[in-house]
Amino acid sequence: MKKKLFFAGAGGQGALAIGQMIAKAAMDEGKEVTWLPSYGPEMRGGTANCTVVVSDRPISCPLINEADMLVVMNLPSLTKFQSMVVPGGTIFINSSLVPISSNRTDVKVVEVPANEIANKLGNDRASNIVMLSAILKETGIVEVETIRHELEKMFSGRKAKFLPANLEALKSYLD
Amino acid sequence: MMSRILMKGNEAFAEAAIRAGVKCYFGYPITPQNEIPEYMSHELPKAGGSFIQAESELAAINMAFGAAASGGRVFISTSSPGIALMQEGIGFIASCEVPVVILNVSRGGPGVGGIQPGQADYFQVTRGGYNGDVRIPVFAPSSIQECADLIYECFDIAEEYRNPVVILADGMLGQMMEPVDLPEARGITPVEKINEKKPWAITGTDNHPGRNVVYSLRLDPQVLENHVHDMFERYAKAEKELVRWSDQGLPDAEIVFVAFGTMSRLCVEAIEILEERGIKAGLIRPISLWPYPEAAFDKIGKNCKVVLSTELSMGQMLVDVKAAAKGRWPVGLINRTGGMVPSSIEIADRAEKALKEAEK
């Protein structure tokens, strides 16, 4: 098993964060992983993306030529990266902010109104966790329990007040 | 398995350095290594060490000089133009036989250049911009685990050889995350114990008779020549004992890639792509860039048609590859520069073309 995942969005939308959470969870489940962010003069509102590779075997190359799964949190990310998905792959689109669908007919498209659902839960910033919930339901790439555990570690101490909304967001597509 | 943690290369360098018993870290911010001073600023004091953000790279390297001359384990990190600024200090530290571990998380040059990954500091770190007869051992990791393992060991190497040691990483290694098993914490050597390990260190005269002097100026040419010969005795030992590389597929390979750091990982995937095309390719991955692993080239088999230095520069390691090849095979270059990184497909395509050229 080797899966190549690509997450893209505007800086601050949490695309890099959910990529990292999947990488961490996969590692905790005994897989080999790499997480490679774009870096540069990135800022909130600019573009940001990351590549995650998950495999049963050691991973030679952290860079990918094509993705099995693409997650786009905003429109420029869809336009720019949809061509990198393999035929039969999956594109997750944040339909709250992306008014169009993919032009690809050879891939599965999953539209997730991530911001709408997050808003209903009372925290717009949990939109990435809503997206993560949809990814877990669709792909089962890592166990929900492992992610729940990650969230509990991430939102502890001063940040503990954000945990309930994020746990709710994680449930949005599951149980 | 569960003991592994997911870390950025920069964080792994920093944490492994702390675990190696670093007493002092000096830094000045520069992308793509900023996670290191950030990490050191909050973690090193907890471990009993000292973090100082210097006012410039010049200040940082000279603070490192002073702290290391007084016997502390010293770690310093920067990126390409920062190393350029530190050259004078590095040369002085080497001439004074003081151990310091210096990390270059390199980026595209020349000049202030860009901030994307580069390997065009190869000459800078293996040849240096300092004056005089100086050699600096240079190690190039290619995974986050190796980042942690190498830096942990480099402090011992620097102290054994009483010389600066450089680790050459690149922006991609600094920024990416992989699982890492961290080495155990060794703790900081207490000041009163420093002279047991480092009798030359300037720790004050309370602990021993006489006084130690760390100095660079030797006006008597015979004294200076003797000093350089002393240094080169250690360098000769380094050339025997510090040579490191890994390789794959050399006995059967038609194409042999030579690549270090990030580029070696792209080459591994290019080898898989070439295999699908029915072409056998192999890899020499130098881990020590000085001393250069020339012996690795003796493992190349009879099928080899071309050796390709594959690097993020206009062909700097190429010089060492040609020297190591000793005319036995045609030597070519696959490269991008300025912060551009080729895809594994581009590497495979260019290698296939080079093979066809070589077979003509």
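Which residues does I151(B) touch, not counting residues up to four places away in sequence? In this predicted model, the list runs F13(B), A16(B), A17(B), A20(B), V101(B) and I167(B), where contact takes C-beta atoms, placed from the backbone, within 7 Å. Residues are numbered from 1 along each chain as its sequence is written, with chains lettered from A and ligands numbered from 1 in the order in which they are written. Local features need pLDDT of at least 70 and side-chain atom pairs pLDDT 80 or more, while totals for chains, interfaces and linings use all residues.

I151(B) also turns up, with A64(B), as a residue with the most contacts inside the largest nonpolar core, a set of 168 residues. Such a core joins buried Ala, Val, Leu, Ile, Met, Phe, Trp, Tyr and Cys residues through C-beta atoms within 7 Å. Helix α6 of chain B (residues 144-161) gives the most to this core, namely 10 residues; helices here are DSSP runs of H or I, at least four residues, numbered from the N terminus.

Over in chain A, I18(A) sits in helix α1 (residues 15-28). I18(A) counts as buried because 26 C-beta neighbours lie inside 10 Å; the cut-offs are 20 or more for buried, 12 or fewer for exposed, and partly exposed in between, using C-beta atoms placed from the backbone. Beyond four places in sequence, I18(A) is in contact with F7(A), N128(A), M131(A) and L132(A).

As for A236(B), in helix α9 (residues 221-241) of chain B, 12 C-beta neighbours inside 10 Å make this residue exposed. A236(B) and P291(B) are 55 residues apart in sequence, with 9.5 Å from C-alpha to C-alpha.

Notes:
Helices (H or I, at least four residues) and strands (E, at least two) are DSSP runs, numbered from the N terminus. Two residues are in contact if their C-beta atoms, placed from the backbone, lie within 7 Å.
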